[in-house]
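Please examine the sequence and the model below before turning to the notes.

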Amino acid sequence: MTPKESFEILESLQADIAELIDRLPTLKHRQFIQQALATIVSLADSEIERLDWKILSASLADMERGFQLFYGYRHVRKVTIFGSARIAPETPDYQMAVKFAHAVSQLGFMVMTGGGGGIMQAGQEGAGRENSFGLNIQLPFEQQANPFIDGDPKLIHFKYFFTRKLFLLKESDAVALFPGGFGTQDEAFECMTLSQTGKFGPVPVVLIDPPGGDYWRSWSQYINQQLVNKGLINPEDPSLYTVTDNLEVACNAITRFYQVYHSSRYVGDQFVIRLRHELSDDLVAQLNANFSDILVQGQIEKSQVLSQEGQDETSDLPRLVLYFNQRDLGRLYQMIAVINELGMPSPEEKAHPERK
């Protein structure tokens, strides 16, 4: 870069920053923009390495692409599919992934994969280009975009695994895992860890074998024998996921999760569960009787939108509020299952669980 080009870039940047500062008081998310700018200013005065700045700038570029792409699809529920890049199209695992992706896309969900070959390609083949996102990673091997998503505007190339995985989980309303190697195992255990600690979800996680397959069944046996039986995880933690080799069971695990349950968030110390329709007083009483062990105080109570939630897009939805202990996530998933089973969804809600 010549001195003249460098000066022109700096001059343009100065103008952009000055214009942003002028507009800041009127911007909707000014608090967070100000915090981000303050962090950059603070780092600029710190003694950090050149590599640190390269990581920071490349990460922000990754996230900018992801945020801008997914904003337009924020009201559509999405299923992330993980699995091996090495599985060939003629295998039962690949064909099961094609059928699953096609089935969930027919139910109204969009599909996200890592954009590569194997199970990722199967997911895009089954869902079709129009219902697919590809979140590719820049690697020297095994990770060219598959032909079912290559060239599509919904294909992003990430520099870092951690930013790529951020969007594969942040934007997903369900996760389906097919057989795979170290990468798939990493994704499976990260899903479980984040779910168990409340950093991800609640969302349905489905571990799918082809008919008669035992990859995930053997994995589940290991979890029970080595983790549950030895007290290394809670006995309820396997409720965080479903293991199946049946296509209908896999799809039902996802659609059933959103029959009554819509979404959730924390507002201060309260856990707020948004529902697609109000629960009966009898059912709320049943929840209190059966799940009081997950509360640190008070009871599970019905509520409308809380004042602290501001202009929330879900403000018209009824809610349950509770002081959740933030520890027993397996039990929380069990409670969501009861809500969906006994909450009596309307025919419209049953027909469209994909609506977000």
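Cys191 counts as buried because its relative accessibility is 1%, where buried means under 20% relative accessible area with a 1.4 Å probe and protein chains only. This is a predicted model, in which local features need pLDDT of at least 70, side-chain atom pairs count only at pLDDT 80 or more, and totals for chains, interfaces and linings use all residues. Residues are numbered from 1 along each chain as its sequence is written, and side-chain values use heavy atoms, with hydrogens and water left out.

**Cysteines**
- With a disulfide taken as a pair of cysteine sulfur atoms within 2.5 Å, the count is zero.
- Cys191 is in no disulfide, and the nearest cysteine sulfur, that of Cys251, is 18 Å away.
- Cys251 is buried, at 8% relative accessibility.

**Lys154**
- Lys154 lies in the loop between strand S3 (132-137) and strand S4 (155-158); strands are DSSP runs of E, at least two residues, numbered from the N terminus.
- Lys154 counts as buried because its relative accessibility is 6%.
- The side chain of Lys154 reaches the backbone oxygen of Arg129 at 3.1 Å.
- Beyond its neighbours within four places in sequence, Lys154 is in contact with residues including Leu69, Tyr73 and Met110, contact meaning heavy atoms within 4.5 Å.

**Helix packing**
- Helix H10 (residues 281-291) and helix H11 (residues 329-342) pack at an angle of about 155°, their axes being 11 Å apart; helices are DSSP runs of H or I, at least four residues, and axes are lines fitted to C-alpha atoms over the stretch in contact, with angles from 0 to 180 degrees between N-to-C directions.
- H10 and H11 are therefore roughly antiparallel, a term for angles over 145 degrees.

Methods
Buried < 20%, exposed > 50% of the residue type's maximum accessible area, 1.4 Å probe, protein only. Polar contact = N/O pair within 3.5 Å; in protein donor to acceptor, adjacent residues only side chain to side chain. Parallel < 35°, antiparallel > 145°, perpendicular 65-115°, else oblique.
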